[in-house]
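Colleague: Could you take me through how to read burial, packing and strand pairing in a structure such as this?

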Amino acid sequence: MAATPRVSAVIFDLDGTLLDTERATRDVLNEFLAAYGKVPDKEKEERRLGQMYRESTTGIIADYGLPLTVEEYAEAIYPLYLKRWQKAKPLPGVERLVKHLHRNGVPLALASNSVRRNIDHKLLRLEDWKDCFSVILGGDQVPHGKPSPDIFLEAAKRLGVNPSSCLVIEDSLVGVQGARASGAKVVAVPSLQSQRQRYSIADAILCSLLDFHPELWGLPPFEDRIQGALPIEPLFLNAQIGHAISKSLHMVIAGNSTYEYVPDQISGIFFGWAKLEAGGVSRTVISIGWDLSLRTVERVMHIYFLDSCRKITTEEPLKLLLVGYIRKLQTTENISQALTITAEDQTIARDALNLPVFSEYAKLENGFSPGMPSE
């Protein structure tokens with residue numbers, strides 16, 4: 001067996017890795033271009049993911065024929081981004097990992113292609129745990145941005161470690177390329193599920209940081225699972241019942257707000273509660289994944305009702321509250337097989353939902369939350 005890599009420090013990207021800023025600002029360009037009678041090109045915008053700000057801005061102006069200089073464009077669109085950044089939330093597993101590493105004395109750096117001024121505004125969302133980073137670097141503080149290795153080499157230098165002993169966690173392809181060029185180990189957590197196959201140069205590819213195992217990199221292991229279940233920040237979503245797979249297992253049709261409130265990185269076996277529109281609440285296990293076999297990549301969800309429910313009808317609205325995570329999906333090309341909810345998953349969820357750390361959310365079952373999205 002290969003020896004476990006020994007990592008001395010960890011370097012994180014910001015946008016799409018720590019914070020879900022890319023989803024929070026998804027409509028900014030649409031809103032801005034609409035004033036010029038333009039519509040964003042999805043493929044072009046996906047290729048811009050992770051680019052330096054000036055490179056991205058220059059490309060946007062050229063691609064859409066905007067009558068603006070780079071400076072004029074930046075001045076006009078900046079207030080729109082500033083407002084949306086305040087709504088960005090940490091991605092699943094991020095706060096848990098950052099605080100765990102910091103608590104165990106692992107040096108941490110943040111290295112982003114964003115300019116430093118923008119980084120400081122975004123970090124307001126990290127509250128107290130932004131202080132876990134002893135080094136914070138923006139793309140305007142090094143000669144060349146990603147995919148150049150400059151920012152990772154500088155981060156390692158300021159941390160006082162060799163780049164080869166660093167682990168970089170990135171969501172963008174240009175970030176992964178830059179990290180590899182620096183000699184660091186790389187974990188990719190792609191923000192675009194349709195492009196996962198392009199990340200093969202990374203040492204590991206994860207759906208989310210809920211699946212990160214520090215001990216695989218010579219780092220202190222987590223010890224926060226409770227009887228096989230991991231507490232998570234609650235996720236609320238609206239959906240509809242899809243066709244029945246078996247008596248207690250159904251497909252779930254995601255509502256529009258699912259894509260606003262549930263990050264694209266969410267994948268695996270989760271548990272919580274389901275509230276049906278006509279009344280009745282059931283403990284549930286939910287498997288979530290992405291079907292990459294389709295021309296358009298789609299989120300797929302199955303729900304297993306742990307409690308007896310009255311007859312459930314197709315397309316019946318339901319609200320879901322997810323409070324715990326069990327495991328990642330099994331690797332298979334067949335999405336239906338990958339989404340299989342096992343008897344062990346059911347047992348773990350049933351036992352966990354009786355524990356105070358999870359059962360405290362049951363009090364929210366009457367509508368779940370006053371802040372829950374509505375269609």
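Modeller: Let us begin with one residue, keeping in mind that this is a predicted model. Alanine 349 has a relative accessible area of 0%, and because the cut-off for burial is under 20%, alanine 349 counts as buried.

Colleague: Where does alanine 349 lie, and which residues is it in contact with, leaving aside its neighbours within four places in sequence?

Modeller: Alanine 349 belongs to helix H12, which covers residues 343–352. Once the neighbours within four places in sequence are set aside, alanine 349 is in contact with Phe271, Val285, Leu306 and Ile326. For isoleucine 326, which is 23 residues apart from alanine 349 along the chain, the separation of the two C-alpha atoms is 7.9 Å.

Colleague: How should I read a helix, and which residues of H6 are buried?

Modeller: The general idea is that an α-helix has 3.6 residues a turn, so residues three or four places apart point the same way. In H6 the buried residues are Val94, Arg96, Leu97, Val98, His100 and Leu101, and the buried residues of this helix pack against E1, E2, E4 and strand E7 (230–244). Just after H6 comes glycine 105, whose phi is positive, at about 75°.

Colleague: How many residues does the largest nonpolar core have, and which elements give two or more residues to it?

Modeller: The largest nonpolar core has 31 residues, and those with the most contacts inside it are Val10, Phe12, Val98, Leu108, Phe133, Ile169 and Phe212. Two or more residues of this core come from each of strand E1 (9–12), helix H6 (94–103), strand E2 (108–111) and strand E4 (166–170), with H6 giving the largest share, four residues. Phenylalanine 12 touches, beyond residues up to four places away in sequence, a set including Leu97, Val98, Leu101, Phe133 and Ile169. There is also a second, separate core of 25 residues, and Leu321, Ile335, Ala338 and Phe358 are among its members.

Colleague: What about strands: is E10 mostly covered or mostly open, and which strands does E10 pair with?

Modeller: Strand E10 (residues 281–291) is mostly covered, with ten of its eleven residues buried. Strand E9 (residues 268–276) runs antiparallel to E10 and is joined to it by eight bridges, with glycine 272 opposite threonine 284 of E10. E10 also pairs with strand E11 (residues 298–305), again in the antiparallel sense and over eight bridges; here tryptophan 290 has arginine 299 in E11 as its bridge partner.

Methods:
Residues are numbered from 1 along each chain as its sequence is written. This is a predicted model: local features need pLDDT of at least 70, side-chain atom pairs count only at pLDDT 80 or more; totals for chains, interfaces and linings use all residues. Side-chain values use heavy atoms; hydrogens and water are left out. Buried means under 20% relative accessible area, exposed over 50%, partly exposed in between (1.4 Å probe, protein chains only). Contact means heavy atoms within 4.5 Å. A nonpolar core is a set of buried Ala, Val, Leu, Ile, Met, Phe, Trp, Tyr and Cys residues joined through side-chain atoms within 4.5 Å. Two strands pair if DSSP finds at least two bridges between them.
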